[in-house]
Amino acid sequence: MQGPSLEENKAVLPFLRWAGSKRAVLPILSRFVPKVFGKYVEPFAGSACLFFYLSPSKAVLADLNAELIDTYRAIKQEPGSVSRVLCKLPFGREAYYQIRNQQFEKGDQIRRAARFIYLNRFCFNGLYRTNLAGRFNVPFGAPRNATVPSRNHLMQCSAVLANARLIAGDFERVVSENVSKGDFVYLDPPFFQTEGRVFRQYNSKPFMRHDLERLAALLKQIDDVGARFLLSYAKNNEARVFFRDWHSRTITLQRNIAGFAGARGKAQEIVVSNFPLAT
Ligand SMILES: C[S@@+](CC[C@H](N)C(=O)[O-])C[C@H]1O[C@@H](n2cnc3c(N)ncnc32)[C@H](O)[C@@H]1O
């Protein structure tokens, strides 16, 4: 299925790189989104591609990664100040490791956000990984021509974030406490599968079978409330078992997580929903 390209659409693009980002499939994914809904809820935000693409007028954006959510808060509230700090940071491998070693107080929201964005743009594959002490430890790996997002871009993202409530927390609580009748929930969790290796370790807590069971129960809860959901997932045996009661469609995408067996090249994922999917 072909949709308009992102550039044709003039959509707001995410300002972060993210493992498992849906950026490449946005034109396809967005065609499955209902035309009208109450509030937009995205509990596994990551770089929040679909959120920025749709620019909803009322939203809840959440992730377990508190540093990520703090960064969204800073961009929502003070994009110009974050941009000023970000633009002054030096480029290069040596500078990267110096900045990675820096630590700022929790209250120093602007410098913490600038550091987060900088490390995200220049680290290996846009990964987010921490050591046991919770410190970011991804090595330098800037793509050719890597840059930091422009002030204008951060301003655009800030305008979209202005309509969103931002929550750092587990998906089950976020959905249970924030979804009501008429809402639209987009879920893009890490994948759990028993066979082979998939990338699922976004933070100190990997996504396990128990999380998949909680997720499957939550889909039923969203449906019971009278909201609609769209879920992205790997096309694997677990998906066939856990999501068999719902509508589904296969989509093909380009995977880009290096360092994991068979993780580059074309992959098949599914979208699962509690409403008929557009053809
Ligand atoms: C596949 S990524 C989402 C990618 C996103 N759709 C994008 O386009 O960038 C999955 C996200 O789920 C988050 N996550 C992992 N476990 C979680 C949990 N228990 N509750 C909420 N978020 C979680 C990770 O931090 C990660 O950002």
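How far apart should the ends of helix α10 (residues 209–225) be, at 1.5 Å a residue? Its 17 residues should span 24 Å, and the end C-alpha atoms are 25 Å apart, which agrees. The expected span here is 1.5 Å times one less than the number of residues. Helices are DSSP runs (H or I, at least four residues) and strands are E runs of at least two, numbered from the N terminus.

Quick background: this is a predicted model, where local features need pLDDT of at least 70, side-chain atom pairs count only at pLDDT 80 or more, and totals for chains, interfaces and linings use all residues. Residues are numbered from 1 along each chain as its sequence is written, and side-chain values use heavy atoms, leaving out hydrogens and water.

Stay with α10 for a moment. Its buried residues (under 20% relative accessible area, 1.4 Å probe, protein chains only) include Asp211, Leu212, Arg214 and Leu215. The buried residues of α10 pack against α9 (171–178), β4 (184–187), β5 (228–234) and α11 (237–242). Just after α10, glycine 226 takes a positive phi of about 95 degrees.

Now look at α4 (residues 66–77) and α7 (residues 109–122). Their axes, lines fitted to C-alpha atoms over the stretch in contact, come within 9 Å and cross at roughly 115 degrees, on a 0 to 180 degrees scale between N-to-C directions. Contact means heavy atoms within 4.5 Å; among the residues making it are Leu68 and Ile75 of α4 and Phe116 of α7.

Finally, in α5 (residues 79–88), Pro79, Gly80, Ser81, Val82, Ser83 and Leu86 are buried. These buried residues pack against α4, α7 and α8 (151–161).

Methods. Buried means under 20% relative accessible area, exposed over 50%, partly exposed in between (1.4 Å probe, protein chains only).
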